[in-house]
Amino acid sequence: MEILVCVKRVPDSAENEISVEAGGADIRRDDLTYSVNEWDNYAVEEAIQIVEREGGNVTVVSLGDGETEEVVRREMAMGANQGLLLVDPAFEGSDGAGVASILKAAVQKGAYDLVLTGALADDGAAQVGGMLAAMLDWPYASVVNRVEVKGGNTLLIGREIEGGAQEVSEIQTPCVLSIQTGINEPRYVGIRGIRKVASVEIPVLTAAGLGLDPAAIGAAGARVKRVDYFVPPAGAGADMLTGSNEELASQLVELLKAKGGLK
Amino acid sequence: MDAKVFVYAVHKDGQADDSALELLAAAGTLFPGCAPTALVTGAGSAVAAVAKELAAAFPEVWSFDAASLAYPNAELLRPLLVKALPAGAVVLLPHTTLGMDLGPGLSVKLGAAYVPDVVAADGLEGATLKVVRQEYAGQVSAHVTADVSGGAVLTVRGGAFRPGTPAASGRIVDQSALAEGLTARRKFVEVIAAEAGDIDITREDVLVSVGRGIGEQENLELVHDLAKAMGAAVSCSRPLVDAKWLEKARQVGTSGQTVKPKVYLALGISGSFQHLGGLKGNPFLVAINKNPKAPIFQVATVGIVGDLLELLPVLTEKIRKG
């Protein structure tokens, strides 16, 4: 099975406090640590496991800038066979549909049976996988937490739906699946693994290389635009306690006693 | 802009989901003066019952009753809606796993703008719709504009728009014929209910809930010790289940359990809407987090910015001593 996994380099929101620059043009990016989008990491692991069982190849693709290569290389070190970078100033400012149309062109450069994305990324939009599938006219499933290859062109998949239930379906390949966290346990990548793929060449495709019209992508083609970031005015919010740990613990014990939190 | 607005109405057991009236409220706020049409899909008598219920709130209801629509398979609903909707239509979906499944592709097939997870309206000027979204798991908000001249598909966060008390005597239009001949390359097989765990956190009055901020698996010991001293049960947010540190049955959130405790300690939980979606009943909520900007502090009753590893042992010891 030939699998393409779409990954995104994002500020690691588990490791960073995200705040907004004066004027709201962007989030404050100094001192942020970046990593691969967490959902995408599960998608890469799933692709590698499928290929380990069924044979085939895993290609990791990312749309970004000069910094994106380290993320692709890290994912390749997990066991993906190839990397692919999509880099062009014309891509900047793309909305979800723009990103999906760039990825569509990349998908059509290859011969893939399956395209995986993370279920969502830093912007919480959860949109690119579904748009990409529609543009390719392939079937799609979101928040996938189980993939079994059934033979023929059929996959048995599970979607994680509300309340922790799993919706099971059969889907025909080629298809696009967006992968939910928890589907597997992504393998650890050490320095040694990254060194192993350090010299592997990663092809770079631009808008021209993908046959894309710059007017249809990037900020020029975007119908959906972020105007600014802001921090909503704080509501009443929590009553914040301060003091030494000893003092904090005493205050909490009194509050918990009063509210029936201690038995 | 004179938008034709449609609301996809989710229903269960013959009754409309709360999201239907929330989306009606969202439609009126986002597109003032619009007369939204509810879309009800399904199979059998439930469709007519839900259509009748919604006709008391919406000026028009389209019902689609067909055996193939018994389960809401987004891969079938998408071509159905593409067939049914007029050019330039605006479609509102709940931002749920169905909305996420259906919406992005629907926007492509309709040639419409897509704006997911809308939390507030910010005005409509001509064909430019302005809304508020959140990014980075709710740590920051963003104003977003969308050119809706070619229509739009919007998913709307649950609880973001307060349902009104609309009164209508809407017209019900039977559109079932449009469902004939639909095919999909994804076939629904079954729904497997969540596994029941050793513990039922939905029945607990006091929950000590732990999130990613606990850091390492071995630190969970501190949480278990505290819960034991309090006589409380341990619950958690999603990342701990993904990491296999705690079982799925302990997960609070839209993809886990919905709980109604009297007291809820949120330890190292940032407070994503998915997590808070599983916390009902307005408990006494104590949040302890090292990040002063964590969204959990917006909803907590009492907050502490601090280090769990230092504070928890002191707290546990104090409770043990009475």
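**Figure 1. Strands S16 and S17 of chain B, paired in parallel.** In this predicted model, strand S16 covers residues 263–267 of chain B, and strand S17 covers residues 284–289 of chain B. Five bridges join the two strands. One residue of the pairing can be picked out by name: Tyr264(B) has Leu285(B), in S17(B), as its bridge partner. Strands of a sheet pair through backbone hydrogen bonds, and the pairing is either parallel or antiparallel.

**Figure 2. An open sheet of six strands, with members from chain A and chain B.** The order of the strands is S13(A)-S18(B)-S17(B)-S16(B)-S14(B)-S15(B), and the pairing is parallel. The edges are taken by strand S13 (239–240) of chain A and strand S15 (233–236) of chain B. Each of these has a single partner strand, so one side of each has no neighbour in the sheet.

**Figure 3. The two domains of chain B and the contact between them.** Domain 1 spans residues 5–179 of chain B, and domain 2 spans residues 201–320. Their C-alpha centres are 34 Å apart. Five residues from domain 1 of chain B and seven residues from domain 2 of chain B make up the contact. On the domain 1 side, the residues in the contact are one nonpolar, three polar and one charged.

**Figure 4. Chain A, with its seven helices and 13 strands.** Along the principal axes, the C-alpha atoms of chain A fill a box of roughly 65 × 45 × 40 Å. Chain A has 263 residues, of which 48% count as buried. Among the contacts in chain A with a separation of 6 or more, 69% are between residues 24 or more positions apart.

Key: Residues numbered from 1 in each chain as written. Chains lettered and ligands numbered in written order. Predicted model: local features only at pLDDT ≥ 70, side-chain atom pairs only at ≥ 80, totals over all residues. Pairing = 2+ DSSP bridges. Helix = DSSP H or I, 4+ residues; strand = E, 2+ residues; numbered from the N terminus. Domains from an automatic or database assignment. Nonpolar A, V, L, I, M, F, W, Y, C, P; charged D, E, K, R; others polar. Buried ≥ 20, exposed ≤ 12 C-beta atoms within 10 Å, placed from the backbone.
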